[in-house]
Amino acid sequence: MVTKPARPKRDFYKEPTRLIRETFKRLSKNTTGKDYVVSDIHGCFTQLEQALELLKFDPTKDRLIAVGDLIDRGDESFRAIEFLQKEWFHSVMGNHEWSLAFGRGFSHPREKWYVEKRGTQIAEDLVSAIMWLPVAIEIETDNGLVVVVHAEVRPTYGHWNEVKEYLASHDNQAQLDYSFLLTGRSRIRKQAMQPERIVEGVDLVISGHSGVKSPTLLGNSLFIDTGIVFGVKKVDDEFAALTIFDVGSKECYMFSLSGEQIVLNAVTMPCEEKAGL
Ligand SMILES: [Mn+2]
């Protein structure tokens with residue numbers, strides 16, 4: 001009989017200074033190596049490692065920024081703890097992390113495995129590792145400011161500063177609506193009036209969350225969740241791939257599965273050219 005762990009303490013709700021500090025993370029320019037952004041991992045860390053090897057990722061100077069949803073669906077979600085301890089690995093919070101840390105906790109069927117498969121301690125370690133993830137990461141690059149958020153910057157926000165001001169204007173987490181950053185699909189589903197509206201003040205916004213067959217650029221918002229977990233779980237391996245975006249060259253590398261091994265199967269055109277920027 002496994003004991004259900006206690007729900008995480010909601011200090012996040014009560015500490016405004018932490019809110020300001022933790023909402024954003026800013027990475028200064030990487031002057032020695034490359035920066036990459038990886039699509040939704042969903043527990044497929046073995047496939048991520050294989051892809052990084054093919055990319056010749058150098059952990060001594062390169063950095064990898066994840067769009068969130070590190071956990072759930074795949075079998076290795078617990079390895080998020082290990083990756084989040086690596087100096088070169090950064091991630092924004094996805095709705096799956098949010099849901100585990102602040103939402104349903106362990107009562108939801110999707111999250112039961114944390115306890116059943118790995119026990120109470122690892123479940124609590126996982127919550128500790130994810131509950132402070134920033135909702136946005138700003139990366140200073142030679143190509144300007146690149147922002148990573150899990151789902152989207154809604155086109156109702158014309159300027160990135162409007163989003164920052166909104167988030168900073170609340171001193172209480174409970175009053176904040178993060179949902180547009182964590183779960184929004186208004187651009188990709190064309191629900192918004194101007195799905196291709198440029199987010200001013202930012203050169204490129206990179207998000208996951210919404211499944212796409214190949215990386216999709218709308219305005220200066222790039223969507224890269226090509227759903228590798230569905231290939232690993234053999235739910236739909238027709239287009240399932242892990243996408244890694246090279247921030248410097250603006251190229252997307254797509255890795256899909258060939259048997260148990262991941263293979264580099266496509267390098268899309270640089271996003272810059274696609275966008276005609
Ligand atoms: Mn998501």
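The predictor's confidence in each residue is expressed as pLDDT, on a scale from 0 to 100. The structure described here is a predicted model, in which local features are reported where pLDDT is at least 70, side-chain atom pairs count only at pLDDT 80 or more, and totals for chains, interfaces and linings use all residues. Residues are numbered from 1 along each chain as its sequence is written. The mean pLDDT of the protein is 83, and 79% of the residues reach 70 or more. Over residues 1-21 pLDDT stays under 50, and for this stretch the model has 26 contacts beyond four places in sequence, two residues being in contact if their C-beta atoms, placed from the backbone, lie within 7 Å. Where pLDDT is low, the predicted coordinates should not be read in detail.

The protein contains 10 helices and 12 strands; helices (H or I, at least four residues) and strands (E, at least two) are DSSP runs, numbered from the N terminus. Of its 277 residues, 40% count as buried, a residue being buried if 20 or more other C-beta atoms lie within 10 Å of its own, exposed if 12 or fewer, and partly exposed in between, with C-beta atoms placed from the backbone. Among contacts between residues at least 6 apart in sequence, 71% join residues at least 24 apart.

Strand E2 (residues 35-38) runs parallel to E3, to which it is joined by 4 bridges, and Asp35 stands opposite Arg63 in E3. Between E2 and E3 the chain passes through helix H3 (residues 45-54), and this β-α-β crossover is right-handed; that is, with the strands pointing away from the viewer, the path from the first strand over the helix to the second runs clockwise. E3 is in turn joined by 3 bridges to strand E4 (residues 89-91), and these two strands run parallel, with Ser91 in E4 as the bridge partner of Ala66. The crossover from E3 through helix H4 (residues 79-84) to E4 is a right-handed β-α-β crossover. Within strand E3 (residues 63-66), Arg63 and Ile65 point one way and Leu64 and Ala66 the other way, and all are buried. E2 is also joined to strand E10 (residues 242-246), here by 3 bridges and in the antiparallel sense, and Val37 has Phe245 in E10 as its bridge partner.

E1 is joined to strand E5 (residues 136-141) by 4 bridges, the two running parallel, and Leu27 is partnered by Ile139 in E5. E5 pairs with strand E6 (residues 144-149) over 6 bridges in the antiparallel sense, and the two form a hairpin with 2 residues between them. Val148 in E6 stands opposite Ile137, and its bridge partner in strand E7 is Ile206; E6 and E7 (residues 204-207) pair in the parallel sense over 3 bridges.

The largest nonpolar core has 70 residues, and Val148, Val149 and Ile206 are those with the most contacts inside it; such a core is a set of buried Ala, Val, Leu, Ile, Met, Phe, Trp, Tyr and Cys residues joined through C-beta atoms within 7 Å. Beyond its neighbours within four places in sequence, Val149 is in contact with Val92, Val135, Ala136, Leu181, Val205 and Ser207. Leu182, in helix H8 (residues 179-182), is buried, with 23 other C-beta atoms within 10 Å. Leaving aside neighbours within four places in sequence, the contacts of Leu182 include Asn95 and Trp98, both of which are among the buried residues of helix H5. In helix H5 (residues 95-102), 7 of the 8 residues are buried, so this helix is largely enclosed by the rest of the structure.

Note on methods:
Pairing = 2+ DSSP bridges.
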